[in-house]
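Please find below a colleague's note on the structure. It is written for a reader who is new to such models and should be read beside the picture.

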Amino acid sequence: MKKLILSAIMVVGLAFTAQAQEISKNALGLRLGDNDGFGGEVTYQRGLGDNNRLELDLGWRNSNDYDAVKLAGLYQWVWNIDGGFNWYAGVGGGLANSDYNGNDRNRDGSSTYLFAAGDIGIEYNFDIPLLLSLDFRPEVYFTDNIDKDFGPDIALGIKYQF
């Protein structure tokens with residue numbers, strides 16, 4: 001029984017140490033996705049430790065009914081899968097402004113609101129200073145001025161690391 005417990009502790013310990021890795025101190029790039037309208041974000045990541053970072057995004061969304069500008073900040077944890085592949089998860093929030101185009105008879109004008117966001121994704125860190133990522137970011141909106149309270153955002157990112 002002692003051997004089984006000791007083996008389990010060693011496996012768990014190895015799993016946690018195998019996940020530790022060093023991430024780039026800075027990364028700058030683009031995040032292109034779809035959340036009820038195509039949009040892009042200029043994204044900046046700042047490494048805060050060996051396996052966590054801060055991501056700041058300034059972006060826009062464009063659809064038939066509205067145009068939006070968003071500023072988001074997320075705290076992310078990063079774990080190594082194998083080789084250059086990592087997965088990450090994070091939490092954060094932001095501020096957004098939507099300008100309605102008048103195509104919806106019930107809406108016209110603009111609205112500024114806060115949102116909370118989560119983030120989960122996978123990335124590949126090349127041997128050159130290039131990082132490709134694919135992530136899912138659910139967002140919960142805190143406003144009465146838009147028709148929905150939730151928006152799923154799926155995006156592809158490309159970043160230069162320095």
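The points below go from the overall fold to individual side chains.

1. The model is a predicted one. Its strands form a closed barrel of eight, in the order β1-β2-β3-β4-β5-β6-β7-β8, and the pairing is antiparallel. From one strand to the next, the twist averages 25°. As background, the strands of a sheet pair through backbone hydrogen bonds, in either a parallel or an antiparallel arrangement.

2. Strand β2 covers residues 38-47 and strand β3 covers residues 52-62; the two run antiparallel and are joined by 10 bridges. A hairpin of four residues leads from β2 to β3. G47 has R53 of β3 as its bridge partner, and Q45 has E55 of β3 as its partner.

3. On passing from β3 to strand β4 (residues 66-82), the reader meets another antiparallel pairing, with 11 bridges. The hairpin between β3 and β4 has three residues. Within this pairing, L54 stands opposite Y75 of β4.

4. Strand β1 (residues 26-34) pairs with β8 in the antiparallel sense over eight bridges, and G33 is found opposite A155 of β8. Strand β7 (residues 130-142) also pairs with β8 in the antiparallel sense, here over 11 bridges. In β8, D153 stands opposite R137.

5. Which residues of β8 lie on its covered face, and which on its uncovered one? The covered face of β8 (residues 150-161) holds G151, D153, A155, G157, K159 and Q161. The uncovered face holds F150, P152, I154, L156, I158 and Y160.

6. Is E123 buried or exposed? This residue lies in strand β6, which spans residues 109-125. E123 has a relative accessibility of 3%, and buried means under 20%, so E123 counts as buried. The side chains of E123 and R53 are joined by a polar contact of 2.9 Å. Leaving aside residues up to four places away in sequence, E123 touches R53, V78, G84, F85, N86, Y88, L131, L132 and S133.

7. R53 also takes part in another arrangement. R53 lies over the face of Y88, at 5.0 Å from the ring centre. K70 is placed over the face of F115, with 5.4 Å to the ring centre.

8. The structure holds seven aromatic pairs. Y75 is partly exposed, with a relative accessible area of 27%, and W77 counts as partly exposed at 34% relative accessibility.

9. Y113 and Y141 form an aromatic pair that is also edge-to-face, at 5.7 Å centre to centre and with 80° between the planes. Because Y113 lies in strand β6 and Y141 in strand β7, this pair ties together parts that are 28 residues apart in sequence. Both Y113 and Y141 are buried.

10. A further group of rings may be located in the picture. F85, Y124 and F126 form one aromatic cluster. F85 is also among the residues that E123 touches.

Terms used. Residues numbered from 1 in each chain as written. Predicted model: local features only at pLDDT ≥ 70, side-chain atom pairs only at ≥ 80, totals over all residues. Heavy atoms only, no water. Buried < 20%, exposed > 50% of the residue type's maximum accessible area, 1.4 Å probe, protein only. Pairing = 2+ DSSP bridges. Axes fitted to C-alpha atoms, helices over the stretch in contact; angles between N-to-C directions. Polar contact = N/O pair within 3.5 Å; in protein donor to acceptor, adjacent residues only side chain to side chain. Contact = heavy atoms within 4.5 Å. Phe/Tyr/Trp six-rings, centres within 6.5 Å; stacked < 30°, edge-to-face > 60°. Lys NZ or Arg CZ within 6 Å of the ring centre and 35° of its normal.
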